Amino acid sequence: MAETILITGGAGFIGSHVVDVVLAKEPACRVVVLDSLSYSGFLGNLVQHTDNPRFTFVQGDIQDGPLVEDLFQQHQPTRVYHLAAESHVDKSIVAPLAFVNTNVVGTATLLNACLKHWDKSAYTHNRFLHVSTDEVYGALGPEGQFTETTAYDPRSPYSASKAGSDHLVRAYYHTYGLPTIVTNCSNNYGPRQHPEKLIPLVISNLLEGKPLPVYGKGTNVRDWLWVTEHAQALHLVAAQGTPGETYLIGGNNERSNLEVVHMLCAIADDVLGKDPGTSQKLIHYVTDRPGHDFRYALDTQKIAAHLGWQPTLAFADGLRQTFNWYLHNPEWLAAVKSGEYASWYELQYGARPAFQP
C-alpha cells in the first residue's frame with residue numbers, strides 16, 4: 001500500500017507549492033489535501049493535479065474532529081505537513097478569536113488524531129511537520145537575527161496564535177513522544193500568493209495603474225524567501241529532520257518594504273515599456289498598522305549544517321519571475337480578488353478592500 005501524506009492548507013499559497021514538490025519528489029506516495037477553502041485557499045492553485053490519481057482533495061476545517069477522524073481512518077496518512085492557518089495580521093487585529101480557533105484548536109485536533117492513529121512502535125516512519133512563522137519571535141532592531149533558541153515574543157493576535165500552536169506541537173513531542181518537527185519561516189513570495197500581501201498587492205496595482213499603499217515610511221524590514229525553495233526545504237525537513245527539533249528557513253534577502261516596492265516599480269517600467277521612474281509616482285504612504293514589527297531576520301545556519309539546505313535564487317530574479325506570473329495569469333488574480341476575502345472585508349468595514357500589505 002502506497003504511503004499517504006496529508007497536507008493541511010494545501011490549497012493556499014505555500015501549501016499548493018508544497019503539494020507540487022511532494023508529488024514530484026515522492027512518486028510512490030499519495031497526497032491528500034485538507035483545506036477549508038477560506039479566503040486564502042483557492043482550488044485554482046491545485047488545478048494542475050486534478051487528474052493525478054495520487055492526489056485527493058478534501059474540503060473541511062481542521063477544527064472538525066469527526067471529519068479529521070474520518071480522514072485518518074479512510075486515508076491512514078503516515079506523515080502530516082501542517083500548513084493550514086489563519087495568517088493575515090490585519091484580519092487577526094479585528095477577528096482574533098478566529099485565529100485562536102483555527103491555529104490553536106485546529107492544531108490540537110490534528111495532533112490528537114496522529115496520537116490516536118499512529119502506532120508508537122512505528123514512529124520512525126511518521127512525521128508531523130508544523131509550519132510556522134518568524135513573527136512568533138517579535139521584533140528585531142537594526143542588527144542581529146533570530147535563532148532556534150530565541151525566546152518567543154509575539155506582538156499580534158496572529159503571531160500569538162501561531163506561538164501557541166508551536167508550543168502545543170513541542171508539548172506533544174515531549175509529553176507523548178509524537179514525532180513532531182517545527183519550522184519557522186520568513187516572508188514568502190512567488191506565484192499564487194493572495195493579493196492581501198505586499199508583493200502581489202503591489203504587482204496587482206501596478207498592472208491596473210492604481211496607487212501603491214505603503215505602511216508608514218516603508219522602513220520595516222523583512223527577509224524574503226522564494227516559495228518553491230521553502231517548499232523544497234519543508235520536504236527535506238520532513239524526510240530527514242530530527243523529531244523534536246526546530247529549523248529556521250529564511251531567504252537571506254533582507255529588504256525594506258519601500259525597497260521592495262521600488263524594485264517592483266522598476267520591473268514594471270521595464271516589462272510594460274514605461275519610462276524609468278513612472279511607476280514610482282504611484283507610491284502612496286498610508287497609516288501604519290498597530291503592532292507593526294520593525295524587522296525580522298533568521299539565522300539559517302542550523303538547516304544548512306544539519307540538512308545541507310540553503311536558498312539560491314537571487315531576489316531580483318524571483319521578483320521578476322513573480323511579476324511575470326501575475327502578468328500572464330490575470331484570470332487567477334481576478335478570481336481570487338472577487339472571493340471570500342473581499343466579502344469578509346466588506347462585512348467588517350462596509351467597503352471593498354484596498355488590499356493593503
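Guide: A residue is called buried when its relative accessible area is under 20%, exposed when it is over 50%, and partly exposed in between. This model is predicted.

Visitor: Why is Glu 254 called partly exposed?

Guide: Its relative accessibility is 34%. That value lies between 20% and 50%, so Glu 254 falls in the middle class.

Visitor: What makes the pair of Arg 295 and Glu 254 a salt bridge?

Guide: The closest N and O atoms of Arg 295 and Glu 254 are 2.7 Å apart. The cut-off is 4 Å between a side-chain nitrogen of Lys or Arg and a carboxyl oxygen of Asp or Glu, so the pair qualifies. It joins distant parts of the chain: Arg 295 sits in the loop between β12 (283-286) and α9, while Glu 254 is in strand β11 (residues 254-256), 41 residues apart.

Visitor: Is Arg 295 buried or exposed, and how do you know?

Guide: Arg 295 has a relative accessible area of 5%. That is under 20%, so Arg 295 counts as buried.

Visitor: What makes Asp 270 and Arg 320 a salt bridge, and where are they?

Guide: Their closest N and O atoms are 3.0 Å apart, and this is within 4 Å, so the term applies. Asp 270 belongs to helix α8 (residues 257-271) and Arg 320 to helix α10 (residues 315-327), with 50 residues separating them. Arg 320 is partly exposed because its relative accessibility, 33%, is between the two limits.

Visitor: Why do the side chains of Glu 196 and Lys 197 count as a salt bridge?

Guide: The N to O distance for Glu 196 and Lys 197 is 3.7 Å, so it passes the 4 Å limit. Glu 196, at 2%, is buried, whereas Lys 197, at 23%, is partly exposed.

Visitor: How many salt bridges are there, and which residues are linked in a network?

Guide: The structure holds twelve salt bridges. Glu 3, Glu 26 and Arg 79 form a network of them.

Visitor: Why does Asp 299 have no salt bridge?

Guide: The nearest side chain of opposite charge, Arg 295, is 11 Å away. The limit is 4 Å, so Asp 299, although buried, has no such partner. Asp 299 lies in the loop between β12 and α9, and its side chain reaches the backbone nitrogen of Gln 301 at 2.9 Å. Asp 299 also touches Gln 145, Phe 146, Thr 147, Glu 148 and Leu 248, leaving out residues up to four places away in sequence.

Visitor: Why is Thr 228 called partly exposed?

Guide: Thr 228 has a relative accessible area of 25%, so it lies between the limits of 20% and 50%. Thr 228 is part of helix α7 (residues 227-240).

Visitor: Which residues have the most contacts inside the largest nonpolar core?

Guide: They are Ile 7, Val 18 and Tyr 81, in a core of 35 residues. Among the elements that each supply at least two of its residues are β1 (4-8), α1 (13-25) and α7. A further core, of 26 residues and apart from this one, includes Trp 224 and Trp 325.

How values were computed: Residues are numbered from 1 along each chain as its sequence is written. This is a predicted model: local features need pLDDT of at least 70, side-chain atom pairs count only at pLDDT 80 or more; totals for chains, interfaces and linings use all residues. Side-chain values use heavy atoms; hydrogens and water are left out. Helices (H or I, at least four residues) and strands (E, at least two) are DSSP runs, numbered from the N terminus. Buried means under 20% relative accessible area, exposed over 50%, partly exposed in between (1.4 Å probe, protein chains only). A nonpolar core is a set of buried Ala, Val, Leu, Ile, Met, Phe, Trp, Tyr and Cys residues joined through side-chain atoms within 4.5 Å. Lys and Arg count as positive and Asp and Glu as negative; His and the chain ends are not counted. A polar contact is a pair of N or O atoms within 3.5 Å; within protein, one must be able to donate a hydrogen and the other to accept it, and residues adjacent in sequence count only if both atoms are side-chain atoms. Contact means heavy atoms within 4.5 Å.
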